[in-house]
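We will go from stop to stop, and each stop tells you what to select.

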Amino acid sequence: MIERSEIAKSLYRIVNLYSDYLEIGFLQKNESIDFSFWNRENFFDKKIVEKDSVKEKSDRENLKNISPLPNRANKKGDGSKIKEIIELAERISKCKMCPLSTESKVVTGAGDPNSDIVVVSDYVSSNYEEESALPLNGRELNAFKKWVEAISIDSSSLFFTHMIKCHPKRLKITADSISSCMKHLEVQIDIIKPKFILCLGERVATQLGGKQFSFIGNREDFFYYKGIKVFTIFHPRDVEAREELKKPLWAMLKKFKNYIQANEQ
């Protein structure tokens, strides 16, 4: 049985890997935390950080020309949310509620647990996502990064997850599979308590909204899920396949930016 401290260390690395990948395209040096104290009460009161070795200090010096990531650990409430997200990810990673988990590794989600925006894709759609535990494939992820940064959203500040946290492969996604996995998504949203949920594609919006969502038929730009504004844009894979979606996509992104700015006032 894997020690909880090892699971926590792995998930913490995924959070940093995801943010670093979005920021500059490769892994940066991040603080190293000793999770052996995981079972102690109030462990976030005293963070145990390993001292940099001489080599690590040298590596950091070599990276001095690269813009550093925001210090996510300084955010108010960050500790408790990271703890809850890691504990939840540990449970999700062991999920056996539907047959999809027998075909694929469970991808629990990654990013900043204190984010104001939770991005939800429909399902783990490639071996790349499954093996790297990162959302979207390389081209899709790069496209998504450009989209959000074009409307002044720091891509490393988002939390990204899937509605279906497995790669279906040979199996079909059934209503029972969606119902089972939605329970995990609901808890993630309850922990993070974002101001906005950004759906990638109609499938996710249909599940969160409780009725069929269509880009053609929907007149409202957003709806509410548990009091949280939900906005929907095209999935990157759809835009990649259909060039004509780029123009309406940018119109959607501008509206989303306006909602965010209105919420900040």
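This is a predicted model: local features need pLDDT of at least 70, side-chain atom pairs count only at pLDDT 80 or more; totals for chains, interfaces and linings use all residues.

Residues are numbered from 1 along each chain as its sequence is written, and side-chain values use heavy atoms, with hydrogens and water left out.

**Stop 1: strand E6**

Select residues 228-233, which make up strand E6. Helices (H or I, at least four residues) and strands (E, at least two) are DSSP runs, numbered from the N terminus. In E6, 5 of the 6 residues are buried, so the strand is largely enclosed by the rest of the structure. Buried means under 20% relative accessible area; exposed is over 50%, and partly exposed lies in between (1.4 Å probe, protein chains only).

Two strands pair if DSSP finds at least two bridges between them. Cys199 has Thr232 of E6 as its bridge partner.

E5 and E6 form a hairpin with 2 residues between them. Click Lys226 in the turn: its phi is positive, at about 55°.

**Stop 2: aromatic rings**

How many aromatic pairs does the structure hold? There are 9. Rings of Phe, Tyr and Trp (its six-membered ring) pair if their centres lie within 6.5 Å; planes under 30 degrees apart are stacked, over 60 edge-to-face, the rest tilted.

Select Phe144 and Phe160. Their centres are 6.1 Å apart, with 90° between the planes, an edge-to-face pair. Phe144 lies in helix H5 (residues 138-150) and Phe160 in strand E3 (residues 159-164), so the pair ties together parts 16 residues apart in sequence. Phe144 is buried, at 1% relative accessible area. Phe160 is buried too, at 1%.

Now select Phe196, Phe222, Tyr224, Phe231, Phe256 and Tyr259, which form one aromatic cluster. Phe222 is partly exposed, at 22%.

**Stop 3: a cavity**

Which residues line the second largest cavity? Select Ile92, Cys95, Met97, Cys98, Ser101, Val106, Lys165, Cys166, Ser180, Cys181 and His184. A cavity is a set of points on a 1 Å grid over the protein atoms alone where a 1.4 Å probe fits but cannot get out; lining residues have an atom within 4 Å of a point. Helix H6 (residues 175-192) gives the largest share of this lining, 3 residues.

Key. On a 1 Å grid over the protein atoms alone, a cavity is a set of points where a 1.4 Å probe fits but cannot get out, and a pocket is an open set with protein on both sides within 12 Å along at least five of seven lines; lining residues have an atom within 4 Å of a point.
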